[in-house]
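Student: I'd like to learn how to read a structure like this one. Can we go through it together, one feature at a time?

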Amino acid sequence: MSSMNIEHWPELCEAFEVFFTKVNGEVEFSGDALRFISPPDQVQTSLFLYRKGNFAASMPLHGIDAKVEEVHFNQEKFEIQLLGDGVDYTYKVPPQLVKGE
């Protein structure tokens, strides 16, 4: 598992992109936002993470909008844990989106 503070934005952008390399969907990033969006014909899910720490996640049957300080990537489980003051949220990639080896 790799972890980093939201303040290390360039490294976080790289880790975010690497995390989703084995997942079907699109990754986009800019100077102040990271986005993962699944293909429209598959499980509908998305994760948006902003440089100021705000994030929004949408998965089947729920969504969340909060602010974080730390991001933990668990590539083996295809999970991203987002931690902040009063926030501990784990984004789990639906197994249907994981690309075969």
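Predicted model: local features only at pLDDT ≥ 70, side-chain atom pairs only at ≥ 80, totals over all residues.

Student: Which residue is the bridge partner of Phe29 in E3?

Tutor: That's Leu34. The link from E2 to E3 is a hairpin, with 3 residues joining the strands.

Student: What holds strands together in general?

Tutor: Strands of a sheet pair through backbone hydrogen bonds, and the pairing can be parallel or antiparallel. Here, an open sheet has 5 strands in the order E2-E3-E4-E5-E6, with antiparallel pairing. Strand E2 (26–29) and strand E6 (62–67) are its edge strands, each pairing on one side only. From one strand to the next, the twist averages 5 degrees.

Student: How many bridges join E3 to E4?

Tutor: There are 5, and the two strands run antiparallel. Within that pair, Arg35 stands opposite Phe48 in E4. Those two residues also meet in another way: the charged end of Arg35 sits over the ring of Phe48, 5.8 Å from its centre.

Student: What is the strand order in the open sheet of 4 strands?

Tutor: The order is E1-E7-E8-E9, and the pairing is antiparallel. E1 and E9 are the edge strands, each pairing on one side only. In this sheet the twist averages 15 degrees from one strand to the next.

Student: Let's turn to the helix. Why do some helix residues point the same way?

Tutor: An α-helix has 3.6 residues a turn, so residues three or four places apart point the same way. In H1, the buried residues are Trp9, Leu12, Cys13, Ala15, Phe16 and Phe19. Their cover includes strand E1 (2–5), E2, E3, E4, E7 and E8.

Student: Where do nonpolar side chains tend to be in soluble globular proteins?

Tutor: They tend to be buried together. Here the largest nonpolar core has 29 residues, and the members touching the most others are Leu12, Phe20, Phe55, Ile80 and Tyr91. Helix H1 (9–19) and strand E3 (33–37) are among the elements that each supply at least two residues of this core. The largest share, 6 residues, comes from H1.

Student: Which residues does Phe20 touch, beyond those up to four places away in sequence?

Tutor: Phe20 touches Val27, Phe36, Ile80, Tyr91 and Val93.

Student: How is a pair of aromatic rings described?

Tutor: By the distance of the centres and the angle of the planes. In this model the count comes to 6 aromatic pairs. For Phe19 and Phe73, the ring centres are 5.7 Å apart and the planes are at 45 degrees, so the pair is tilted. Phe19 lies in helix H1 and Phe73 in strand E7, so this pair ties together parts that are 54 residues apart in sequence. Both Phe19 and Phe73 are buried.

Student: Which residues do ring pairs link into a cluster?

Tutor: The cluster is made of Phe16, Phe19, Phe20, Phe36, Phe73 and Phe78.

Terms used. Residues numbered from 1 in each chain as written. Heavy atoms only, no water. Core = buried A, V, L, I, M, F, W, Y, C linked by side-chain atoms within 4.5 Å. Buried < 20%, exposed > 50% of the residue type's maximum accessible area, 1.4 Å probe, protein only. Contact = heavy atoms within 4.5 Å. Phe/Tyr/Trp six-rings, centres within 6.5 Å; stacked < 30°, edge-to-face > 60°. Lys NZ or Arg CZ within 6 Å of the ring centre and 35° of its normal. Pairing = 2+ DSSP bridges. Axes fitted to C-alpha atoms, helices over the stretch in contact; angles between N-to-C directions.
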